[in-house]
Amino acid sequence: EIASKGNGWFAYTPLLHLIREAGTLCSILDNLDEGALPVGAVRLLARMLLESGDQSLDGVDDRELLREADRAARERSRLVFDARRMTCRPPVDARGLRRALGLGFSTMLKGALCPCLM
């Protein structure tokens, strides 16, 4: 149901499910099945899912967030169990995150070639 609402860009782990079932004051988690999250909420949830240990992603831009999602996909130690797909996968799908952030390929290419335009 969450993926069908446009929020299929992250792994829906048993822990996320437990938090949502138990009830949470975090409106982002509470609204996952209501519709696609707004871009600001996407950024916040992606940061929460990608942070590990003492690494903070506060204040990073969208391109750095996507780079971190790519790094997480390459590191087997960062795989999580996705209850929706019944398999282990990275916590965030970089391609899906790019779509959820409203960043097309041309936007990413422009930022890479000429960061002054971003």
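## The Met86 loop

Met86 sits in the loop between strand E1 (80–82) and strand E2 (87–89). Strands here are DSSP runs of E with at least two residues, and helices are runs of H or I with at least four, numbered from the N terminus. Met86 is not a glycine, yet its phi is positive, about 60°. Its relative accessible area is 59%, so Met86 is exposed (exposed is over 50%, buried under 20%, partly exposed in between, with a 1.4 Å probe and protein chains only).

## Basis of the model

This is a predicted model; local features need pLDDT of at least 70 and side-chain atom pairs pLDDT 80 or more, while totals for chains, interfaces and linings use all residues. Residues are numbered from 1 along each chain as its sequence is written, and side-chain values use heavy atoms, without hydrogens or water.

## The largest pocket

The largest pocket has a volume of about 200 Å³. A pocket is an open set of points on a 1 Å grid over the protein atoms alone, where a 1.4 Å probe fits, with protein on both sides within 12 Å along at least five of seven lines. Grid points are joined across faces, edges and corners, and the volume is the space filled by probe spheres set on them.

Lining residues have an atom within 4 Å of a point. They are Ala11, Thr13, Leu15, Leu16, Ile19, Leu29, Leu45, Met48, Leu49, Val80 and Pro91. Helix H1 (14–22) and helix H3 (39–50) are the elements that give two or more residues to this lining. By class, the lining has ten nonpolar residues, one polar and no charged. Nonpolar covers Ala, Val, Leu, Ile, Met, Phe, Trp, Tyr, Cys and Pro; charged covers Asp, Glu, Lys and Arg; the others, Gly among them, are polar.

## Helix H4 and Asp62

H4 has 13 residues and spans 19 Å from first C-alpha to last. That is close to the expected 18 Å, taken as 1.5 Å times one less than the number of residues. Its buried residues are Asp62, Arg63, Leu65, Leu66, Glu68, Ala69 and Ala72.

Asp62 lies in this helix, residues 62–74. Its relative accessibility is 14%, so Asp62 counts as buried. Beyond four places in sequence, Asp62 touches Arg43, Leu101 and Leu103 (contact means heavy atoms within 4.5 Å).

## Ala3, before H1

Ala3 belongs to the segment before H1. At 30% relative accessibility, Ala3 is partly exposed. Leaving aside neighbours within four places, Ala3 contacts Gly8 and Arg84. Ala3 and Asp33 are 30 residues apart in sequence, with their C-alpha atoms 8.1 Å apart in space.
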